[in-house]
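Open the model in a viewer and keep the selection tool at hand. The stops below go through pockets and then cores.

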Amino acid sequence: MEKEGMMNKRTVAILTGGGDCPGLNAAIRGITKTAIGDFGWNVIGIQDGYDGLINDRKRELHWGDVSNILPLGGTILGTSNKADPFGTYENGQKVDVSDRVIRNLEEWNVSALFCIGGDGTNIIANRLSQKWPNIIGVPKTIDNDLLCTDQTFGFDTACSFVTDSLDRIHSTAQSHHRVMVIEVMGRYAGWIALQGGLAGGGDIILIPEMPFSWNAVVDAVKSRSKGGKRFSIVVVSEGAHPVGEKMVVREVIKDSPDPLRLGGIGQAVADHIERETGHESRVTVLGHLQRGGSPSFFDRILATRYGVAAARLARAGEFKKIVALKGGEIVSASLEEATSGLKLVSENDEIVSVAKSVGTSFGV
Ligand code: F6P
């Protein structure tokens, strides 16, 4: 690969926004090594997502800065799931500082900005690209809810953790003849509960896309015990809710672009089952453990492929795009399209029918 000459040595910038997930460092490394090694560019790492872009906090990234970070969880750049250039609180007022952000990018001589994030980060990236086009998105999130891509990195590691947790829960559930309820993350999408639950042999899986009936959940537990199974494993997505009822909100974070934090439905499900069946029930909330730790083999490769592909897109001058995975190939899609909604589970998905065929109840 021919490097660009010193005269036109470009500077590119990277930020990681939103909730962290395993694989962020692998993506930072992929972009940085390609930018420096293949193209001879300078790389700036912006601190704490859009917060650093707003408040001029950054540092240069050299080859050595991204060596040995491949297996590390979290992000060496820091992140923020509150900062938004289009709505920042200053002196108690919500103000649009997007022009300041663009001024910063221009003062730093940045010719491409890589925004590694989930839907929130990429929605902002898309909005910003209407004013300053040289932006490329990189899809991460344990929730796997981004449109235009088959998989975001972070999801595989989170699901592996859920699977391992379910294996552990299984043995204690069996010993004590209990109903064990495991609440997992995923926000408005049920991918983690569905895939982690299927891999871990969950008997009942409750997801936001398929509002459940209390009676069906209770019946599923009762019919298992009638069939001789003295324990049940119930995997509940944090966004799961009964038909006609709202999701359970744990906290409202006012200065966050998406202020709702979900959580608590697992306890409600465990209480209901114990009351209606007489079976002792326990709840385990896996919480932020799902976002921590070293990325899996799959996420390391995916994040690296995304990082390298994103740098190559910048080299080709293809902006306002997001890198994506389609049928095993790395492709790109428009940021606009990728942020036009959320990728949710459909009842017609093959994985749903597979789960049903092996006896999983969705509580419907
Ligand atoms: O989007 C990732 C995610 O972990 C969701 O699954 C979860 O609902 C949310 O972030 C939790 O956010 P916070 O870290 O602000 O509690």
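**Between the domains**

Begin by colouring domain 1 (4-153 + 295-338) and domain 2 (157-292) separately: the largest pocket lies between them, because both give residues to its lining. The model is a predicted one.

Next, select G19, N81, D143, R187 and R261, which of the 46 lining residues are the closest to the centre of the largest pocket. The space in this pocket comes to about 900 Å³. Now show α4 (119-129), β8 (179-184), β12 (260-262), α8 (265-277) and β13 (281-285); each of these supplies at least two residues of the lining. The most come from α4, with six residues. Coloured by residue class, the lining of the largest pocket shows 14 nonpolar, 18 polar and 14 charged residues.

**The second largest pocket**

Move to D51, I54, N55, K82, A83, D84, G87, T88, Y89, E90 and D255, the lining of the second largest pocket. About 160 Å³ of space lies there. Both α2 (50-54) and β4 (88-90) supply at least two lining residues, and β4 gives the most, with three. By class, this lining has three nonpolar, three polar and five charged residues.

**The cores**

Select I14, F114, I116, F153 and I233: in the largest nonpolar core, which has 61 residues, these touch the most other members. Domain 1 (4-153 + 295-338) and domain 2 (157-292) each contribute at least three residues to the core.

Finally, pick L15, I44, F86 and I135, which are among the 27 residues of a second, separate core.

How values were computed:
Residues numbered from 1 in each chain as written. Predicted model: local features only at pLDDT ≥ 70, side-chain atom pairs only at ≥ 80, totals over all residues. Heavy atoms only, no water. Core = buried A, V, L, I, M, F, W, Y, C linked by side-chain atoms within 4.5 Å. Buried < 20%, exposed > 50% of the residue type's maximum accessible area, 1.4 Å probe, protein only. Domains from an automatic or database assignment. 1 Å grid on protein atoms, 1.4 Å probe; cavity = no way out; pocket = protein on both sides within 12 Å on 5 of 7 lines; lining within 4 Å. Points joined across faces, edges and corners; volume = space filled by probe spheres on them. Helix = DSSP H or I, 4+ residues; strand = E, 2+ residues; numbered from the N terminus. Nonpolar A, V, L, I, M, F, W, Y, C, P; charged D, E, K, R; others polar.
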